[in-house]
Amino acid sequence: MLLINRSISRCLLPHSFTLTPKIPSISVHNALWTTTRSNSAGGKQTKKQNLLRYPALKLEETMPKFLKSVQPLLSDREYEQTEEMAAEFQCGQGAHLQKLLEKLAACEENWLAPRWMKTAYLGYREPVTIYSSPGMTFPLMNFKNLDEYYSYTSKLIMAMIKFKKRVDDGLMPISKIGEFELDNSQFGVVYGTCRIPLPEVDDIEYNPTSQHVTVIYKNHFYKLPVYNKHGNILNAKILGEQLKRIAETETSLGTPIGILTTDQRENWAQAYMELSKCDGNCSSLKCIQSSLFTVSLDQCVPYTENDKYNVYAHQVVHGGGSTQNSANRWMDKTIQVIVNPNGMSGFCYEHSPAEGQPIALMTEYITKILPQASEFEDGSSENYECASKLQFCEPSNCLQEKLQQAAQNIDKLSQNFDMHVLHYKSYGKEFLKQQKLSPDSFIQMALQYAFYKLHKCAGAQYESAHLRIFYGGRTETIRSCSNESVAFAQAMINAACNDATRVKLLTLAVNGHRQFTNMALQGRGIDRHLLGLKLMALENNLPVPKFYSSPGYVKSTHFRIATSQVATKNKAFMCYGSSTDDGYGCCYNPRDNDMFLAVSSWTSNQETSSVEFAKSIEEALDRMREILVKTGETKKRSNGKDIAGKK
């Protein structure tokens with residue numbers, strides 16, 4: 001899952017809000033990322049982005065916001081204790097750590113970025129599978145035969161290389177929040193990137209000029225060049241012929257080397273060392289790691305109409321276990337393209353180098369051009385190198401044991417992954433816009449209400465906000481659980497409360513969430529600042545302040561609801577695992593007139609159920625629409641009109 005509690009925080013996709021925030025006075029930095037556009041003379045112009053340096057916030061600004069955010073999660077006694085520990089921290093150790101952080105921020109363009117990479121990702125020791133790497137679906141296809149399957153996959157590959165050319169040519173548009181540009185540098189780090197397993201802290205390698213992809217079929221690995229010898233993109237037909245040749249060559253399953261990448265990072269690091277003892281393996285590993293991305297040609301998995309989305313989620317997130325497609329993966333690659341003959345396809349992406357924005361825009365681009373035959377008529381059909389198989393040595397006894405262990409672990413993990421995808425069809429963004437309510441904030445309140453209704457308590461809820469106004473910016477946490485959200489949830493389950501009051505409380509909760517979102521997008525959130533102070537203690541060999549063991553800090557960072565909005569017009573969704581043993585993951589795609597909500601939890605926890613939470617969300621969305629409609633009709637009548645608007 002995108003890391004929250006098990007590491008530091010869950011990082012997901014940025015929101016599609018249009019905001020004009022008041023940015024604090026921070027110096028501007030010319031980013032290394034450049035955007036190239038053609039000028040009127042037919043030449044090219046290169047423009048450097050003007051981005052903000054990431055600041056060290058003031059402690060006196062962060063602590064009151066922190067205390068307000070923890071109130072709905074604590075008893076009176078716990079809050080008093082947290083308040084005392086916060087005051088002691090602010091005046092004592094916190095003040096000293098603040099000076100260290102301010103000194104660091106003065107000499108680094110983004111003090112958080114490298115530390116976030118290490119703390120939240122490369123130092124994280126749980127599997128990237130489910131815990132860290134999300135799956136993104138494409139619209140479900142209907143392949144009539146294998147030739148259509150190979151043709152679709154080859155077009156998908158070609159489309160991804162075309163998207164890369166847009167990135168390399170600097171043609172990605174620069175988005176803004178108000179007058180401030182958003183950093184585009186993440187678009188340049190998703191191709192050719194791979195995580196390298198090492199003891200304690202992994203490494204990451206970038207190969208943006210790579211000329212090939214890795215195709216995985218029945219656990220066999222192939223190097224497939226996607227450019228010809230002159231550097232031109234290969235035609236989709238040529239790529240499709242080679243995919244078919246690979247599939248026809250391999251009639252039996254190979255050694256499941258890929259399953260090692262699904263395991264815990266320490267296990268995988270040890271297996272990697274054993275795997276690297278054979279010189280022949282090293283060249284194959286390097287070829288996989290340096291490829292632009294991997295393409296998994298999976299074995300067909302059956303599904304029914306009722307469970308298709310749930311099966312889809314399991315396949316793109318982890319591959320279904322050792323008896324299905326989990327060995328047909330290389331989980332360390334930033335981008336894994338997954339295509340199944342049953343019509344399911346999508347991405348699984350390793351989260352270390354970037355947030356989901358490059359993946360989201362890539363998905364939109366691909367699904368837009370895939371139906372257009374003319375997009376795949378160009379490309380080179382000559383002077384190219386054919387696909388070649390990557391060889392691995394016969395596994396040693398030690399490696400055989402690690403393969404068996406990895407298979408057992410992924411089976412246990414995948415069976416514990418409780419996934420339920422809710423396709424909510426009653427309404428979508430259009431209805432909410434008519435109500436003049438932010439769709440994202442509204443859905444966040446629906447999740448709060450659904451959790452409260454199901455578990456009879458408030459749950460710390462995480463939503464990510466991007467920090468792309470800053471050089472190298474990643475994410476900040478939106479703390480969606482608030483006094484206002486809890487007041488709304490309580491009113492909804494209180495039979496004595498009337499609908500007018502409920503709507504008023506809903507509006508207050510939505511507006512409160514919007515305000516926190518604005519603050520987080522400006523880099524004025526809570527969590528990254530407090531993380532920075534803690535890291536200052538660790539980096540300077542100082543004791544970690546007791547404040548970090550206070551009831552408020554512990555409970556408010558135990559995110560029982562890990563959420564993100566990944567909006568696409570496609571009939572598709574993103575999914576990932578829950579960040580806590582007793583919580584849920586929920587990634588949602590609000591479309592114009594419906595919504596997809598991918599809910600996850602762990603079967604090992606008796607208190608949680610993805611099916612029950614999805615049901616509670618559905619009921620919450622229904623009930624919230626009902627009170628809006630009822631109060632809207634009452635308002636019309638009170639203005640002297642009936643429902644139809646007649647006098």
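Reader: How many cavities of 30 Å³ or more does a search of the whole structure find?
Author: The model is a predicted one. Rolling a probe the size of a water molecule over the atoms shows where empty space is left. With a cut-off of 30 Å³, the search of the whole structure gives a count of 2 cavities.

Reader: Which residues line the largest cavity, and how many of them are charged?
Author: The largest cavity holds about 50 Å³ of space. Its lining is made up of Ser69, Leu73, Ala460, Gln461, Arg479, Ser480, Cys481, Ser556 and Phe559. By class, that lining has 4 nonpolar residues, 4 polar and, as charged residues, 1.

Reader: Which helices each supply at least two residues of the lining of the second largest cavity?
Author: The second largest cavity has a volume of about 30 Å³. Leu260, Asp263, Asn267, Trp268, Ala271, Lys402, Gln405 and Ala406 line this cavity, and they divide into 4 nonpolar, 2 polar and 2 charged. The helices that each supply at least two of the lining residues are α7 (265-275) and α11 (397-416).

Reader: Which elements give two or more residues to the lining of the second largest pocket?
Author: The second largest pocket has a volume of about 570 Å³. Among its 23 lining residues, Ser185, Gln186, Val189, Tyr206 and Pro353 are the closest to the centre. The lining divides into 13 nonpolar, 6 polar and 4 charged residues. The elements that give two or more residues are β1 (28-38), α4 (112-122) and α5 (146-168).

Reader: Which strands are the edge strands of the open sheet of 8 strands?
Author: The order in this open sheet is β13-β9-β8-β10-β11-β12-β3-β18, with mixed pairing. An edge strand pairs on one side only, and the two that do so are β13 (388-390) and β18 (574-575).

Reader: What is the bridge partner of isoleucine 335 in β12?
Author: Strands of a sheet pair through backbone hydrogen bonds, either parallel or antiparallel. Strand β11 (residues 335-339) and strand β12 (residues 345-349) pair in the antiparallel sense, over 5 bridges. In β12, the partner of isoleucine 335 is tyrosine 349.

Reader: Which helix lies across β3, β11 and β12?
Author: Helix α6 (residues 236-249) lies across β8 (212-217), β9 (220-225) and β10 (294-297), and runs at about 160° to β9. Across β3 (135-137), β11 and β12 lies a helix that runs at about 165° to β12. This helix covers residues 357-369 and is α10.

Terms used. Residues numbered from 1 in each chain as written. Predicted model: local features only at pLDDT ≥ 70, side-chain atom pairs only at ≥ 80, totals over all residues. Heavy atoms only, no water. Pairing = 2+ DSSP bridges. Helix = DSSP H or I, 4+ residues; strand = E, 2+ residues; numbered from the N terminus. Contact = heavy atoms within 4.5 Å. Axes fitted to C-alpha atoms, helices over the stretch in contact; angles between N-to-C directions. 1 Å grid on protein atoms, 1.4 Å probe; cavity = no way out; pocket = protein on both sides within 12 Å on 5 of 7 lines; lining within 4 Å. Points joined across faces, edges and corners; volume = space filled by probe spheres on them. Nonpolar A, V, L, I, M, F, W, Y, C, P; charged D, E, K, R; others polar.
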